[in-house]
Amino acid sequence: AASGYSQDQELEADQLGIRYCIRAGYDPRAALELLQDFARFDKPSLFLRTHPPTSHRLEDLARYLAELDEQRRQLLEAQKLYPVGSQSWKNLQRQLEGLGHR
């Protein structure tokens, strides 16, 4: 019961790590490959586990990356409706940068 809160924090940390990777110019999908490699070390016992099961982390990150891709796609489509450099275009650009878009 006590580890559930810490597991939620681990999932959030995974998502933040993805954003940091994107902003640094790295391919965020490499995190999925890394977790797939980590899966071989997963122990079946859930007793006193501080990290979520790797399979759960993989599913969560894959879903998060898909959501980021969809948000990015929608913002880029909306941005096309405005003249480059306009206030609305700049606002959308800031949102894209917040997602790590370059």
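Predicted model: local features only at pLDDT ≥ 70, side-chain atom pairs only at ≥ 80, totals over all residues.
Residues are numbered from 1 along each chain as its sequence is written, and side-chain values use heavy atoms, with hydrogens and water left out.

View 1. Helices are DSSP runs (H or I, at least four residues), numbered from the N terminus. The 26 residues of H3 should span 38 Å at 1.5 Å a residue, and its end C-alpha atoms are 37 Å apart, which agrees; the expected span is 1.5 Å times one less than the number of residues. Buried residues (under 20% relative accessible area, against over 50% for exposed and in between for partly exposed, with a 1.4 Å probe and protein chains only) include Thr 54, Leu 58, Asp 60, Tyr 64 and Gln 79 in H3.

**View 2. The largest nonpolar core.** Such a core is a set of buried Ala, Val, Leu, Ile, Met, Phe, Trp, Tyr and Cys residues joined through side-chain atoms within 4.5 Å. Of its 14 residues, Ile 18, Leu 32, Leu 61, Leu 68 and Leu 75 touch the most other members. H1, H2, H3 and H4 each supply at least two residues of this core, and the largest share, six residues, comes from H3. Leaving aside neighbours within four places in sequence, Ile 18 is in contact (heavy atoms within 4.5 Å) with Pro 28, Ala 31, Leu 61, Tyr 64, Leu 65 and Leu 68.

**View 3. The salt bridge between Asp 14 and Arg 57.** The side chains of Asp 14 and Arg 57 meet in a salt bridge at 2.7 Å, N to O. This pair links distant parts of the chain, with Asp 14 in helix H1 (residues 3–23) and Arg 57 in helix H3, 43 residues apart. Asp 14 is buried, and so is Arg 57.

View 4. Arg 72 forms a salt bridge with Asp 69, and their closest N and O atoms are 3.2 Å apart. Because Arg 72 and Asp 69 are three residues apart in helix H3, they are separated by about one helical turn. Arg 72 is buried, with a relative accessible area of 15%, whereas Asp 69 is partly exposed at 34%. Arg 29, Asp 69 and Arg 72 are linked in a network of salt bridges.

View 5. Lys 80 is placed in the loop between helix H3 (54–79) and helix H4 (87–98). The side chains of Lys 80 and Glu 77 meet in a salt bridge at 3.1 Å, N to O. Lys 80 is exposed, with a relative accessible area of 61%, and Glu 77 is partly exposed, with 40%. Lys 80 and Leu 92 are 12 residues apart in sequence and 9.9 Å apart in space, C-alpha to C-alpha.

Note on methods. Salt bridge = Lys/Arg side-chain N within 4 Å of Asp/Glu carboxyl O.
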